[in-house]
Structure formats: C-alpha cells, structure tokens
Amino acid sequence: MNYRSWIMSLLLPALVLVSVSNSFAASPCFQCHDPALFNGKVTHAPVAKNKCDQCHNPHLAKFDGLLLKQGSQLCFQCHDTFEANVFSKKVVHQPVAEGQCSACHEPHASATSGLLKRSMSELCLTCHNDIDEQPGKSHAPFAKGQCATCHLPHSGDRRALLKADNSAVCLSCHQSSPALRRQHLNRSLDGVDCLECHQPHKSQQVSLLRENLHQPFAEGKCQSCHSRNNDLSLCLSCHEQILTSFNHQFCHRVVGSQTNGCFNCHSPHASRQQGLIKQAPGQACRQCHEGKFERRATSLYVHPDANNCVTCHQLHGSDLPAMRKKDNDSACVDCHERHSNFSHPMGDKALDPRNGQPMNCISCHDPCNGTMFKYNLRGTSDKGLCILCHAGY
C-alpha cells in the first residue's frame, strides 16, 4: 500500500461520517435532533433519505412522537406486502399480532441487520427467558444464538414458528446416516417428530433427550415394546391398573380403538411432562379439541384457568358429563366460595325452562369456551341473559 492509499484508508470512515452528517444537516429536523442518534450500521430508509415526514407530522399528531399512525399500522404504510404475507399464516408471533414492531426493531438506526434492537439471541431471550434458565447442555444453534436456524421470526404455518415439519427441520443439519438410523432401530426418520423425544434447546440428558423417560426406553429395552402389536394390550401389559380409570360412564375414546389410543396423549419414549404427556396440560388437549381453543382466541372474556383443563376434568374417565371431576356447582365453589351463599336459585327446585334440567352455574356461565360478556356470562348482564329464560319480562 502506498502512502497516499494509506492516508485515504484512515480518512475514509471520517469522510463517510461527515457525508452522512451533512445529509442529515440538510433536514430542518436535525437542527434540534442530534444526527448521531439517528445514524448506525443499518439506517432505516426514510431516515437515510431525510424523509422524516413519512412517519412523523412536523406540527401535531394524535400519537406520541408526533407519529402519523400507531404501532404496526405506521410500518404497514410501506411494508404492505409484508403485512399481507404475515397474516396469511396460521401462527403469528405475538408481538406481530399485537402490532408491536418496535418490540424487536429500531425505528431509525441499528448496529444489527434488520434494524433489530439487539443480537438475535439477546432479543429472543428478553421474552423467552425461561428457556435459557433451564439447566443442562445447550443445542448448538441455541448456544450460538442462532434462533432463526429453526424458527421463523414473524409468522408461519407450524407450531412454535418452526421452519419445517417434524424431522425435516432437524435433518437439515443432522443428515440421516447409517449411525443415526441404528440409534433408531434402523427405521426411516422421514416424518418422525424428533421433538417428541428430544429437547430443542437444553437438556441434562444425553443426546438432548427430554427429562422424563419411559422405563423400557431409558433402559435400552426397545424390543420389549417394538416386538409386539401396537394396541392397548401393549400398554396394559405393564399399566394394568390404569384400565380401571377408564371404566366410567364417560371416558376418553381410547378403549376399544383399533390402534393404541394411549399415544394420542402420551409419548412412548420421553416427555417434559409428568406421566409422559406429549405436551403441556391444555396443549395436549388441543390436538383433538381445537374448536374450543379457537373460540377462546376470539372471545373477549376467558376463564383464567381455561387452558389448564385438568383443573376441572378427569384425564381418563368420570361418571359426570364432560368427564368433570365434580358436579358443576361444587367445582365452581372450590374457587368461588362466596357465591355459595348468594346466587340465582339453583337445583331441583329451579328448573331451566329451556331444557327442564336443574339450574346450575353453567346455565348462565361458560367457563370452557370463552364468551363476549363479562364474568363469562352467556349473554349481557342487563337483560340479554335473563330473557333467555324469562321471555315474558
């Protein structure tokens, strides 16, 4: 490098900064606002072009910061194709769904690509900090803060915003090999749900296995199950006492099924949950009862414990409708004790004129599905609910 080139290499960063500062200085906004606060490795296009009025009104506005619109509605003025694409997917990341673009992105300038507020790992863990708090060894992409290796940031068509279905996302890095197949009884791994057995982020078990292991699996006795027919007799050969929990008037549709219905809810290998439940309570139920969850998502009022189904329902069977643990009134009074002393008349002496059944709490309230009315009422509290029975009034 000659002397002149060496001098230019020293001066070039300063010349670029002067050029940017001079560009900002051409805008009347930067007579008051320090240009250095709006300059970064990545600069938002309107800022770089001195077009502050694309987002701000210079005189007055309804919103803080003299913004023309609030939240994502401001961003979607320019990013309209992004809006249409994001909301066409089944699963939308919560900040996006709530219009909080600024939760992750800087509006003016950033040191990170995509105008992110921080590095990807730091940014994700500001909300998902429970993942980092888990003990154990980290999966390599998680340890390196490469969340986008497996997840989409805005929306997608799969649970947890995963990029691909089942084993496809895992096999994009862990190529199927003879050694890997030998660890899985030489079976094809295509379409297998790797996350049924393995933790995607951190685990204290070897090979990132989940915390709770089925005993035969933990002992390496795979053939004790895989050499037999996959029907209910397979599970009942060890868990015979479980059968009595299904012998009730109302039970889950497992007994009598042609395939092993136990695997609808339980993992045969490993799980994060006690009892080898495949997913957290509530989410496991969602596999079959999706309609209830969809209704809750569009309701204004939802019982605070609605997603924890096992609070009110038995897992296998009950002699009460809907596999309830207790009759309607007793179940409600466990939490709403003061209502046992005053309420609308209930019981055998107060029959519901709509169906002739004794009135109870759920005659007026819907604790499972969610409603559009306060206190999970089935109608408005002024008269809309009452005239369902008292039409003459």
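Q: How many disulfides does a search of the whole structure find?
A: A disulfide is a pair of cysteine sulfur atoms within 2.5 Å, and a search of the whole structure finds 0 of them. Before going further, note that this is a predicted model, in which local features need pLDDT of at least 70 and side-chain atom pairs count only at pLDDT 80 or more, while totals for chains, interfaces and linings use all residues. Residues are numbered from 1 along each chain as its sequence is written, and side-chain values use heavy atoms, with hydrogens and water left out.

Q: How should I read the accessibility of cysteine 312 and of cysteine 368?
A: Buried means under 20% relative accessible area, exposed means over 50%, and partly exposed is in between, with a 1.4 Å probe and protein chains only. Cysteine 312 counts as partly exposed because its relative accessibility is 38%, and cysteine 368 counts as partly exposed at 25%.

Q: How many aromatic pairs are there?
A: Rings of Phe, Tyr and Trp (its six-membered ring) pair if their centres lie within 6.5 Å; planes under 30 degrees apart count as stacked, over 60 as edge-to-face and the rest as tilted. By this rule the count comes to 3 aromatic pairs. One of them joins phenylalanine 76 and phenylalanine 82, a tilted pair with 6.3 Å from centre to centre and 40 degrees between the planes.

Q: Why is the pair of phenylalanine 76 and phenylalanine 87 called edge-to-face?
A: The planes of these two rings stand at 90 degrees, with the centres 6.3 Å apart, so the pair is edge-to-face. Phenylalanine 76 lies in the loop between helix H3 (72–75) and helix H4 (80–86), and phenylalanine 87 in the loop between H4 and strand E2 (91–92), so the pair ties together parts that are 11 residues apart in sequence. Here helices (H or I, at least four residues) and strands (E, at least two) are DSSP runs, numbered from the N terminus.

Q: Which residues form one aromatic cluster, and how covered are they?
A: The cluster is formed by Phe76, Phe82 and Phe87. Phenylalanine 76 is buried, with a relative accessible area of 7%, whereas phenylalanine 82 is partly exposed at 29% and phenylalanine 87 is partly exposed at 40%.

Q: What does leucine 377 touch?
A: Contact means heavy atoms within 4.5 Å, and, not counting residues up to four places away in sequence, leucine 377 touches Cys364, His365, Thr371 and Leu385. Leucine 377 is found in the segment after H17 and counts as buried because its relative accessibility is 9%.
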